[in-house]
Structures are given as structure tokens and as C-alpha cells.
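Q: I'm new to this structure and would like to learn how to read it. Please walk me through it feature by feature, starting with the general idea each time.

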Amino acid sequence: MGRLQLNNLSVGYGSKAIMTALDLQVNDGELLCLLGPSGAGKTTLLKTIGGLIPPLQGSIVLDDMDVTRMKADKRDVVLLFQKPLLFPFQNVLENIGFGLRMQKIDSKAIAEKCHKVMELTELTPLANKRVDELSGGQQQRVALARALVLEPSILLLDEPLSSLDPDLRQKMQHLIRRLQRQTATTMLFVTHDQSEAFSMSDRIALLIHGKIRQLDRPEKLFRSPANPDLAIFLGNPNIITGCIQDKILTSQNLSIAVNHPNAAEITATIRPEDIVLSDIEIADGIPGTVSAKQFEGTLTRFTVDLGQTSLTALCFSDSFSLGQKIWLQFPVEKFHFFTTDDQPPLPNGQ
């Protein structure tokens, strides 16, 4: 088992709280990602769960056992840091088996466990290599294997891929996800990289300003953020406030067809990649002028001036030019509407 429960938990250093009144449950066998900007307190939270820092208040429950005051070495938790922290004087096999030797496990059992986890992490050919002879990605795999071989109730990962180049980082993301599914290890993964969180997680807890603002499946978080500020944080600047009458959303000089009941005041959003752009007039299209253009590789980001407001669109085509008149089309099923019971805005509108 590996179920983690945080109850009214406040963490920080000394009397300074970084995170307050946090409630969170990580389910058995789940990979939950804690997503937030740098400085949000994610690493401090992991260190508190791991027993390296005492909490300011609240409780930490692991598999129905309160471990809040338990020493770090007594908790069935392993914390994997950004840097591999391997022993340079030991080879790969010796590094992986270090924790088991500290537990005074039988040498034969250690060998069996180490060889099994090396197969899973594709490290068998490197067993006798010194770790200073390995690449950064290989060293991180050794650190991951050293953590998994202990079979912890929960594995805490503190941005372990942040120092890797993009291609290797993506491969490690796939490896961690595959290993998590194969071993059914409960994982709490910390990152500030949104694409990493969306591609790896069963659920994502969005942590901003010391609070979890939304906890959801990746698809739900991406498509249905709890409030406009979270939509903006997740890369969607298209926030439209107005009224709806007879399935027409009116906002300033815009009139957009939507599939929503009448509302005297409502806020809606549509993601940039869901807006259709055309250089010829199209049905239900709204005319605008390209005011900014940014090539981003696969997609190009366009800012379109609509008179009293502007919207952002992402398009596979980069053929539209600055100052060009184009038409925007809004698929009605792509709109997301914020309800009155959505969470309050973030502090300072951030």
C-alpha cells in the first residue's frame, strides 16, 4: 500500500509559513503531480513529508499511520532530489544496493532485487561502471533505481529531470511513467513544467501562493480551469466577460454563437489552439487584424485585434502576416464557462 493523507498541514522554516492549511490525498498506486511556479513551496512540502523538516501544524498520515513526528529514517518514504546524489566511489550495482545494505538484508536477496530493478530501468549493461563514467541521464536512472529497489510506500520526486536536455528529459518522463505503472508505486512528483505534469500524471494539484487552487485529472484541469486566473496561468489568455441572450455571447463589440443558457453576466474562455483562423470570410466568423505573430515551432501564436479587445490563437499555419485582415471562428463545444461557485481569484490577480 501507499496512501498519503495530508491534513490541515502548514509547512515552512522557523515560524515563517510557506504553505498553510493544506489538505491533500495521494491514492494508492497513483502518480500525482504537484504543479506550481518556482518558490511556491513544493520542495519544502516534500521535505516535510519525508521527515527532513517538521511541520508547523497539521498531520501526515501514511497508510493509516500518523507519521507526523516520526523520524525520517523510520518512514517508509524515499525522496529523490533534483541531483542524483550518487556515491562516486561505488559502481552502479553498489549504488543501487546501498539502501538495502543499510537495512542489513541478506546479500542474496539484495542481488536479486538489484538485478530486477536494473532490468526495469535498463541499467544491466552498466552494472559494473563507476557512476562518474555515466551520462546525466544514466546517473538519474541509477538514482531512480536506488529509490525503487527499496519498495517504499511512496516515492517523492523533487523535479528530478530539470537538469536534463529536452530529448533526454522526455525519455525519462516515459520511463518514470512506465515504471510507476509496472511497479504500482505511489508517487508524488513535483515540477514547474506544465507539459511534464500533463503528460505524466493521473491527477494534478495546482499549487500557487501556498494553496492548492485546483486538483483534477490533467484533461479536466487543462480544459476546465476553476477560474480565469488559473486559465491564464495554464497558458490561456482568452478571457471573455459579457452576457448571453438566445445563445449569443455579447462582449463589448463581439457577438459569438455559444451553446449556453441565457445569463445576465458570465465569463467564458476558449483555448488559443481551438480558435479557427481563415484568410477568407467564413460562416459565423468574426473579422480581425493580426497585431502580433510569434513562431513557436510546430505552431505559430497570433494576437488578433478585434477592435475593443484582442484574442490569442495558435495555428499550424504561419502564413498570416502582421496587419492582415483575417476571420476567427469559435467552435461552440470548445468554450468553457466559469460558474459562480468557482474559486476566488489568486492574490494580486496572479
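**Reading the model, step by step**

Q: Let's start with two strands. Do β7 and β8 pair in the parallel or the antiparallel sense?
A: Strands of a sheet pair through backbone hydrogen bonds, and the pairing can be either parallel or antiparallel. Here, strand β7 (residues 154-158) pairs with β8 in the parallel sense, over five bridges. To find the spot, look for Leu-157, which stands opposite Phe-189 in β8. Keep in mind that this is a predicted model.

Q: Which strand is joined to β8 by five bridges and takes in residues 31-35?
A: That's strand β3, and β3 and β8 run parallel too. A handy pair to look for is Leu-31 and Met-187, with Leu-31 standing opposite Met-187 in β8.

Q: What do β7, helix α6 and β8 make together?
A: They make a right-handed β-α-β unit, with helix α6 covering residues 166-183.

Q: Which residues point one way from β8, and which the other way?
A: In a regular strand the side chains alternate between the two faces of the sheet. In β8, Thr-186, Leu-188 and Val-190 point one way, while Met-187, Phe-189 and Thr-191 point the other way. All of these residues are buried. With six of its six residues buried, strand β8 (residues 186-191) is therefore largely enclosed by the rest of the structure.

Q: Now for the antiparallel case. What is the strand order in the open sheet of four strands?
A: The order is β2-β1-β4-β5, and the pairing is antiparallel. At the edges are β2 (16-26) and β5 (65-66), each of which pairs on one side only. Further in, strand β1 (residues 4-13) and strand β4 (residues 57-62) are paired in the antiparallel sense over five bridges.

Q: Let's turn to charges. How many salt bridges does the structure hold?
A: Side chains of opposite charge can pair when their charged atoms come close. This structure holds twelve salt bridges. One of them is between Asp-64 and Arg-3, whose closest N and O atoms are 2.7 Å apart. Asp-64 lies in the loop between β4 and β5 and Arg-3 in the segment before β1, so the pair ties together parts that are 61 residues apart in sequence. Asp-64 counts as exposed, at 60% relative accessibility, and Arg-3 counts as partly exposed, at 27%.

Q: What about Arg-169 and Glu-196: are they buried or exposed?
A: Both are buried. Arg-169 forms a salt bridge with Glu-196, with the closest N and O atoms 2.9 Å apart. This pair links distant parts of the chain, as Arg-169 is in helix α6 and Glu-196 is in helix α7 (residues 194-200), 27 residues apart.

Q: Zooming out, what domains is the protein divided into?
A: There are domain 1 (4-225) and domain 2 (229-338). Their centres, taken over C-alpha atoms, are separated by 39 Å.

Q: What area is buried between domain 1 and domain 2?
A: The size of an interface is often given as the accessible area lost when the parts come together. Here the area is about 1000 Å², with carbon and sulfur atoms giving 68% of it. On the domain 1 side, Phe-222, Arg-223 and Pro-225 supply 50% of the area buried against domain 2, more than any other three residues. In terms of contacts, 13 residues of domain 1 meet nine residues of domain 2.

Q: And how many salt bridges are there between domain 1 and domain 2?
A: The count is one. For a salt bridge to look at, find Arg-223 and Asp-274, whose side chains meet at 2.5 Å, N to O. Arg-223 counts as partly exposed at 37% relative accessibility, whereas Asp-274 counts as buried at 9%.

Key. Residues are numbered from 1 along each chain as its sequence is written. This is a predicted model: local features need pLDDT of at least 70, side-chain atom pairs count only at pLDDT 80 or more; totals for chains, interfaces and linings use all residues. Side-chain values use heavy atoms; hydrogens and water are left out. Buried means under 20% relative accessible area, exposed over 50%, partly exposed in between (1.4 Å probe, protein chains only). Two strands pair if DSSP finds at least two bridges between them. A crossover is right-handed if, with the strands pointing away from the viewer, the path from the first strand over the helix to the second runs clockwise. Domain bounds come from an automatic or database domain assignment. Contact means heavy atoms within 4.5 Å. Buried area is the accessible area (1.4 Å probe) that two parts lose on being put together, summed over both. A salt bridge is a side-chain nitrogen of Lys or Arg within 4 Å of a carboxyl oxygen of Asp or Glu.
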